[in-house]
Amino acid sequence: MSPFSKSLTSSVRRIAALCARQHSQSSLTTELIENMDKKATWDRFYTETNSKATTFKNFEWFFGFDAVRDFVMPLLQTQSHSPDALLQVLDMGCGTSALGPGIYTHSPLPVRVTCADISPIAVRLMREHIQAQAIPPHNLSSQLEFVELDCTELHQHYGSSSVDLILDKGTTDALLRSKEGSGKAGLVLGQCLKVLQSSGSLLQFSDEDPDARLPWLETEAREQGGMAADVGVQEVGELRGVMYYCYQVTPRQ
């Protein structure tokens, strides 16, 4: 087993076990571990994790907005736009995370934050939560939306070179861990490179070791994106004994 498989299996088992303890669903644990690339798996996950909850609670894969704030916000500041233009931000595979809404409420620059997930259950839960919460933006021109979207088909929602920042917190990890998901992970990366502006970036937050993720990113960027990309990595920090990383991918002209 590779270092990636070990670390990701550990993360998935922690999350799946938590869900199983809350709802006594050992079959859901198995389904999460084996089929995280499937829409039906996540529909079931979000249905069962919210079925007995008296109040809504964001579910964070790995960690929340505060842990990655210092990686995200400076990148938005470097984007060159006219003062009235909205920076396009995509939280890819958002689930019920507060990451996208966190950017919406903290960015002094005007942003359009799109939180996209393959599960309509997750999208509905977030829409209902935001409507009930009435979260105010930092910049009055900013916008926040939740859409059902398969991230292997980003071109259906975005034009080429139209997005400034894409956030991937565990989505690629989930695909790479699944039985049939590794090919989809490459497709997702290719789609990201096509819709990103030349000055834009993809940030992948992961517990995969750089010795495994960096070569994969460089290879897939050439094969799926039809172009080379600049790839870098920084440590996010250690949480519950696991080291997490931020992989930044920037398309070349």
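**Group meeting: the sheet, its helices and the cysteines**

Okay, let's start with the sheet: 7 strands make up an open sheet with mixed pairing, and the order is E3-E2-E1-E4-E5-E7-E6. The edges are strand E3 (143-148) and strand E6 (229-239); each has a single partner strand, so one side of each has no neighbour in the sheet. On average, neighbouring strands here are turned by 15° against each other, direction ignored. Keep in mind that this is a predicted model.

Now zoom in on one pair. Strand E1 (residues 87-92) and strand E2 (residues 111-117) run parallel, joined by 6 bridges. Asp91, for instance, has Cys115 in E2 as its bridge partner.

What packs on the sheet, touching E1, E2, E3 and strand E4 (163-169)? That's helix H5 (residues 99-106), and its direction makes about 175° with that of E2. Then there's helix H8 (residues 182-195), which lies across E1, E4, E5, E6 and E7 and runs at about 145° to E5.

On to a helix pair. H3 (residues 39-51) and H6 (residues 120-133) pack with axes 7 Å apart, at an angle of about 40°, so we call them oblique to each other. On the H3 side the contact involves Lys39, Asp43, Tyr46, Thr47 and Asn50, and on the H6 side Pro120, Ile121, Ala122 and Leu125. Those residues split into 5 nonpolar, 2 polar and 2 charged.

Last, the cysteines. How many disulfides turn up in the whole structure? The search finds 0. For Cys94, the nearest cysteine sulfur belongs to Cys115, 5.0 Å away. Cys94 counts as buried, because its relative accessibility is 6%. Cys192 isn't in a disulfide either, with the sulfur of Cys151 nearest at 7.4 Å.

Note on methods. Residues numbered from 1 in each chain as written. Predicted model: local features only at pLDDT ≥ 70, side-chain atom pairs only at ≥ 80, totals over all residues. Heavy atoms only, no water. Disulfide = S-S within 2.5 Å. Buried < 20%, exposed > 50% of the residue type's maximum accessible area, 1.4 Å probe, protein only. Axes fitted to C-alpha atoms, helices over the stretch in contact; angles between N-to-C directions. Helix = DSSP H or I, 4+ residues; strand = E, 2+ residues; numbered from the N terminus. Parallel < 35°, antiparallel > 145°, perpendicular 65-115°, else oblique. Contact = heavy atoms within 4.5 Å. Nonpolar A, V, L, I, M, F, W, Y, C, P; charged D, E, K, R; others polar. Pairing = 2+ DSSP bridges.
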